[in-house]
Amino acid sequence: MVKYYHSNMPGAPVLSGAAGALIAILDACLKDGFGLKTVDSLVIAGGVATMTISTGMTFEQDAVVQIAGITGGAAALNGDQRLLRIAGNTATFDATGVSDQAATGSITAKVSPLGWAKPFSGTNVGVYRATDPTSLGMYLRVDDTGTTVARVVGYETMSDVNTGTGPFPTSAQVAGGGYWEKSGAAGATARNWIVVGDERAFYWWCVPNAATTITSQGLLRGFGDLIPRRSTDAYAAFVQAGVASMVTSTSTDCDLITSSYTAASAWLTSPRPQSSLGSAAVMFAFAESRRATTAVSRSGVGVGYSAPFPNSADNALDLDRVLALDPDYSVRGTFPGLLHLPQAVSFSFQTWDRLDGQGSLSGRRLMAVRGGAPGYAAQNSASGAPGVAAFDITGPWR
């Protein structure tokens, strides 16, 4: 199930320039959940469950909560539930197949984790792995002993928190591991962040600096399984991470998504190429349909795209899948749940804006994420508007 989390959710861990801040967020989003609340009543009527929390509804529409403690005839509703509507202190979710009744038991609800495992850990160091039986089972080691950035490396296997085989990226590609940014300065100042994922992959987005500065770019990173072109591809996994820290950069890119494969860089690596031979392979991310006028044009950026927004024929916002290309430029697969905007959307969307999917995405909700900080409309305007991407927050991704 696709789930999302962000820094504005009540009870969410705080991202700051402190050692261990990212580990706390990954623990909460991947394996523990957060924001536990006592449910005062849960009433099922006409296939819809209405949950009341008298101390205040801290959950939000589209989020997934984990219900526990229901006994009796409504016990089937224990587990993950996506919230359909919030009104005051009540929230509703689907209860198809459960007869009309008032649920009994000591009922609780919390923001549900993705269900990943943390098989190894150390002081401000964590190793994470998907538990889904269909997952490729790669490991992500996160070294969060620094203040402004964490260092990440994927592994094919691991035997303890410091020992693994098949690293990606290798030390020759990025010495010390790729960079996942946290904050532009050491200290306790809170920063904006988002995690979106499913049972087999997740994305990390944050704004390392204040939303009033020219360096307040949003940075998009990720780890997990691709949707492979060949079902037997046993190494179709990825780590996306900076090759150097960008906490003080003026970049406006959503830099996981590009329309060009002209420059190879170890910011996107796979354990091995499609041949399964050798070691970590550098990959490229490429928009499925390319409508750019320059060699490198990123998602939604107003500079370099000839396609207008909205599309003049049907007033539409177009969305493309993002392809993963192997070193020989063959299509390896697609990035799950991540959508590229091939139009000059400029400042039409802010981070956290919700969109209703149409066509092949009908029935799904999408969340916008900008290369610029939330609400900062003047972001690096000399070089064009910040990049904008979108996540499918409903799913399924596969």
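## Strand β24 and its neighbours

In this predicted model, Gly222 has Gln240 in β24 as its bridge partner. The two strands concerned, β22 (residues 219–225) and β24, run antiparallel and are joined by four bridges. Strand β24 also pairs with β25 (residues 268–270), again in the antiparallel sense, over two bridges; here Gln240 stands opposite Leu268.

Within β24 (residues 237–240), Ala237 and Val239 point one way, whereas Phe238 and Gln240 point the other way; all are buried.

## An open five-stranded sheet

Five strands form an open sheet in the order β8-β9-β5-β4-β10, with antiparallel pairing. Its edges are β8 (85–87) and β10 (101–102), each of which pairs on one side only. Strands β4 (residues 41–45) and β5 (residues 48–52) are connected by five bridges, and Leu42 has Met51 as its bridge partner in β5.

## Salt bridges

The structure contains 16 salt bridges. One of them joins the side chains of Arg200 and Asp225 at 3.0 Å, N to O. Because Arg200 lies in the loop between β20 and β21 and Asp225 in strand β22, this pair ties together parts that are 25 residues apart in sequence. Both Arg200 and Asp225 are buried.

A salt bridge of 2.5 Å, N to O, forms between Arg332 and Asp233. This pair links strand β29, which holds Arg332, to the loop between β23 and β24, which holds Asp233, 99 residues apart. Arg332 and Asp233 are both buried.

Asp392 and Arg364 meet in a salt bridge at 2.6 Å, N to O. Asp392 belongs to strand β32 and Arg364 to the loop between β30 and β31, 28 residues apart. With 3% relative accessibility, Asp392 counts as buried. Salt bridges with shared partners also join Glu60, Asp62, Arg354, Asp356 and Arg365 into one network.

Terms used:
Residues numbered from 1 in each chain as written. Predicted model: local features only at pLDDT ≥ 70, side-chain atom pairs only at ≥ 80, totals over all residues. Heavy atoms only, no water. Pairing = 2+ DSSP bridges. Buried < 20%, exposed > 50% of the residue type's maximum accessible area, 1.4 Å probe, protein only. Salt bridge = Lys/Arg side-chain N within 4 Å of Asp/Glu carboxyl O.
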